[in-house]
Amino acid sequence: MQKVVANADAAIADIQDNATIMLGGFGLCGIPENSIEALVRKGVKHLTCISNNAGVDDFGLGLLLKTRQIKKMMSSYVGENAEFERQLLSGELEVDLIPQGTLATRIQMAGMGIPAFYTPAGYGTEIATGKEVREFNNKMYLMEYALHADFSLVKAWKGDRFGNLVFRKTTRNFSTSIAKAGNITIAEVEHLVEPGELDPDHIHVAGIYVHRIFQGTNYEKRIERKTVKMEK
Ligand SMILES: CC(=O)CC(=O)O
């Protein structure tokens, strides 16, 4: 199977209006920047986006919010984005706020083929509205469903032509689970290498989960590397 595509525009070409997409990243760390920019260029609308956060005003999913391409956000952390706040308060944007551990587990369960699970997070709060509740060992739990998507978009440090992916440091975050939860997984990588170049022991996502891969460009390094001296 030929998985390598020329660029982000080719990779996302079949994402249509009303699609559900899941995006890796924590804060601005490890987000699929090139794919997001390609979605802005394509102008695809009414998207449901599943992502831990909604970017900031000029970066990440904030770009798709600015152009009003997102109909619904399913996230756990949505601070630091004034346009998000404005759209939420005006009713333009549907928002499903999910506890962070529940979000991570719902995505992971989708990749594992487990349809639902029980968690104590959110019991007795608004989060529990309409959800099945069960008692285990004298403690109350909510049933939460696995979270699937039409497309998963992730950004890795290195990837090979077979789609095997290696993430660098904290950019791994939600991405390894997200890569397994979409019907079609698109990976952008900083370095596209030949099969055999990646140490098998260092591969975080096996190529079987990845349908398309491309070498991205112009990655912004917003977080500077700092040497912190520990006091004795
Ligand atoms: C605190 C967080 O949850 C970080 C983020 O994704 O913005």
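## Ligand shell

Two nonpolar residues, four polar ones and no charged ones form the shell around the ligand. The model is predicted. The residues surrounding the ligand are Phe 26, Gly 27, Asn 52, Asn 53, Tyr 77 and Gln 100.

Asn 53 uses its side chain, where an N or O atom is 3.1 Å from a ligand oxygen. Gln 100 also places a polar side-chain atom by the ligand, 2.9 Å from an oxygen atom. Taken alone, the ligand exposes 240 Å², and the protein buries 78% of that area.

## Fold and dimensions

The protein has six helices and 11 strands. Its C-alpha atoms fill a box of roughly 55 × 50 × 40 Å along the principal axes.

The radius of gyration is 18 Å. A compact globule of 232 residues would have a value near 17 Å, so the protein agrees with that expectation.

## Packing and surface

Buried residues account for 45% of the 232 in the protein.

The accessible surface of the protein comes to about 12300 Å². Carbon and sulfur atoms hold 51% of that surface.

Methods
Residues are numbered from 1 along each chain as its sequence is written. This is a predicted model: local features need pLDDT of at least 70, side-chain atom pairs count only at pLDDT 80 or more; totals for chains, interfaces and linings use all residues. Side-chain values use heavy atoms; hydrogens and water are left out. A residue is near a molecule or strand if one of its heavy atoms lies within 4 Å of it. A polar contact is a pair of N or O atoms within 3.5 Å; within protein, one must be able to donate a hydrogen and the other to accept it, and residues adjacent in sequence count only if both atoms are side-chain atoms. Accessible areas come from the Shrake-Rupley method with a 1.4 Å probe; for residues, only the protein chains shown count as cover. Ala, Val, Leu, Ile, Met, Phe, Trp, Tyr, Cys and Pro count as nonpolar, Asp, Glu, Lys and Arg as charged, and the others, Gly among them, as polar. Helices (H or I, at least four residues) and strands (E, at least two) are DSSP runs, numbered from the N terminus. The radius of gyration is taken over C-alpha atoms; the globule rule is 2.2 Å times the number of residues to the power 0.38. Buried means under 20% relative accessible area, exposed over 50%, partly exposed in between (1.4 Å probe, protein chains only).
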